[in-house]
Amino acid sequence: MKPIILFSALLFGQLFFTQPQQSESSGEVYVYVCTGSSSKRYHNNTQCRGLQNCKGEIRRVTLSQAKEANRTPCKLCYGN
Ligand SMILES: [Zn+2]
């Protein structure tokens, strides 16, 4: 086999196997936070009792964003 053919085969293989990956399922977890000033928790659903007396808006953020904002998990949503 001539080297050029081998090279072409390798290149074709690269193109075939390096298709853009879909980032839909990035594994990112979303949580819900209240923007009210007294809210320090994040919740795993909007129906939580802890969100019912929210003074601000209920926003969906990623878990990492919630943690960066020093939020702690809601005891009602996440048990003890
Ligand atoms: Zn909650």
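Buried means under 20% relative accessible area, exposed over 50%, and partly exposed in between, using a 1.4 Å probe on protein chains only. The model is predicted: local features need pLDDT of at least 70, side-chain atom pairs count only at pLDDT 80 or more, and totals for chains, interfaces and linings use all residues. Residues are numbered from 1 along each chain as its sequence is written, and side-chain values use heavy atoms, with hydrogens and water left out.

**Exercise 1. Find the protein donors of the zinc ion and name their arrangement.**

Step 1. Donors are N, O and S atoms within 2.8 Å of the metal (3.2 Å for Na, K and Ca); water is not among the atoms, so sites may look incomplete.

Step 2. His 43 donates through ND1, while Cys 48, Cys 74 and Cys 77 donate through SG. These atoms lie 2.0 to 2.3 Å from the zinc ion.

Step 3. Along the chain, the donors follow the spacing H-x4-C-x25-C-x2-C.

Step 4. Four donors count as tetrahedral if all angles lie between 85 and 135 degrees. Here the 4 donor atoms subtend angles of 102 to 118°, so the arrangement is tetrahedral.

**Exercise 2. Decide whether Cys 48, Cys 74 and Cys 77 are buried or exposed.**

Step 1. Cys 48 has a relative accessible area of 6%, so Cys 48 is buried.

Step 2. Cys 74 is buried because its value is 5%.

Step 3. Cys 77 has 17%, and is therefore buried.

**Exercise 3. Locate the disulfide and say what it ties together.**

Step 1. A disulfide is a pair of cysteine sulfur atoms within 2.5 Å. The structure holds 1 disulfide.

Step 2. Cys 34 is joined to Cys 54, S to S 1.9 Å. Both residues are buried.

Step 3. The link of Cys 34 and Cys 54 is right-handed, with 85° about the S-S bond.

Step 4. Cys 34 sits in strand 1 (residues 30-34), and Cys 54 in the loop between helix 2 (49-52) and strand 3 (58-62), so the pair ties together parts 20 residues apart in sequence. Helices (H or I, at least four residues) and strands (E, at least two) are DSSP runs, numbered from the N terminus.

Technical notes. Four donors count as tetrahedral if all angles lie between 85 and 135 degrees; four count as square planar and six as octahedral if opposite donors are over 155 degrees apart and all others between 65 and 115; anything else is irregular.
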